[in-house]
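This report is for a reader meeting the structure for the first time. Please look over the sequence and the model before reading on.

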Amino acid sequence: MIDEKTFWNRAAPKYVRSPIRDMASYETGLEHVSRHLNSKMRVLELGCGSGMTARKLAPEVASVKATDVSSVMIEMARQSDGPVPENVTYLQAAADAPLAGEEPYDAVLAFNLLHLIPDQEVSLRAIRAMVRPGGLFISKTPCLGGRSLWLWPIIRVLQAFGMAPAVRFDTMGRLEAAIAEAGFAIVDTGTYPLKPPSRLIIARRD
Ligand SMILES: C[S@@+](CC[C@H](N)C(=O)[O-])C[C@H]1O[C@@H](n2cnc3c(N)ncnc32)[C@H](O)[C@@H]1O
């Protein structure tokens, strides 16, 4: 199977150009996220992709460090949509590699990422170490577990040809349990969009 860095470096130009499928759900989900942020927060985003979400949230927080495993994605994030806001930095880093020497963050964000991480348990523990005690881990994840079973054989064929990344389809319950088991208390949830379901989970580090 193709590794995630190679896959996303290849996929980045097309991904960044593609419009968001359901902009209304994206915006409503972001408003929900904003209710848990404030102007004092140092925020780390994992798997930032085009970097658009970091730019949108930047006015509401002290700083956003937006990271992605793909260097091509990071380069495109730096270049898209005008100058990078002063309180945003883009950096190439994998989600399970804590940023050496950094203080833990007030909030760590991961949008459309957790279903792409093969060893979720290890990554969630690494993410916990990036959040300060009492800080937030905010994720939004497509949860197709138990649905769209017809998709699996197609995905397997695409994966065999390096045309799809490793992907897991959890149910919402399974994903929430994994986040809780990693040492977080779930404090709020939402689903944006409802179909196919993408679960927003706001979790506080114990
Ligand atoms: C589906 S895109 C989502 C991008 C963005 N968060 C969004 O919601 O539009 C997944 C992103 O996660 C990145 N990614 C995949 N595996 C990763 C990993 N292990 N660590 C960090 N980033 C990863 C990819 O390069 C890609 O930019």
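Strand 7, residues 198–205, is largely enclosed by the rest of the structure, because six of its eight residues are buried. The model is a predicted one.

Strand 7 pairs with strand 5 (residues 131–142) in the antiparallel sense, and seven bridges join the two. Within this pairing, Leu136 lies opposite Arg204 of strand 7. Strand 6, residues 184–191, also runs antiparallel to strand 7 and is joined to it by seven bridges. Here Asp188 has Ile202 of strand 7 as its bridge partner.

## Strand 1 and its partners

Strand 1 covers residues 42–46; four of these five residues are buried, so this strand too is largely enclosed by the rest of the structure. Strand 1 pairs with strand 2 (residues 63–68) in the parallel sense, over four bridges. Glu45 is found opposite Ala66 of strand 2.

## The nonpolar core

In soluble globular proteins, nonpolar side chains tend to be buried together. In this model, the largest nonpolar core has 46 residues. The members that touch the most others are Val43, Val108, Leu109, Ala110, Leu113 and Phe137. Strand 4, residues 105–111, gives the largest share of this core, with six residues.

Which residues does Phe137 touch, leaving aside those up to four places away in sequence? Phe137 is in contact with Val108, Ile127, Val131, Phe184, Ala203 and Arg205.

## The shell around the ligand

There are 17 residues around the ligand. Trp8, Gly47, Gly49, Val69 and Ala95 are the ones that come nearest.

How many residues of this shell are nonpolar, polar and charged? The shell holds 11 nonpolar residues, four polar residues and two charged residues.

Note on methods: Residues numbered from 1 in each chain as written. Predicted model: local features only at pLDDT ≥ 70, side-chain atom pairs only at ≥ 80, totals over all residues. Core = buried A, V, L, I, M, F, W, Y, C linked by C-beta atoms within 7 Å. Buried ≥ 20, exposed ≤ 12 C-beta atoms within 10 Å, placed from the backbone. Contact = placed C-beta atoms within 7 Å. Pairing = 2+ DSSP bridges. Near = placed C-beta within 6 Å. Nonpolar A, V, L, I, M, F, W, Y, C, P; charged D, E, K, R; others polar.
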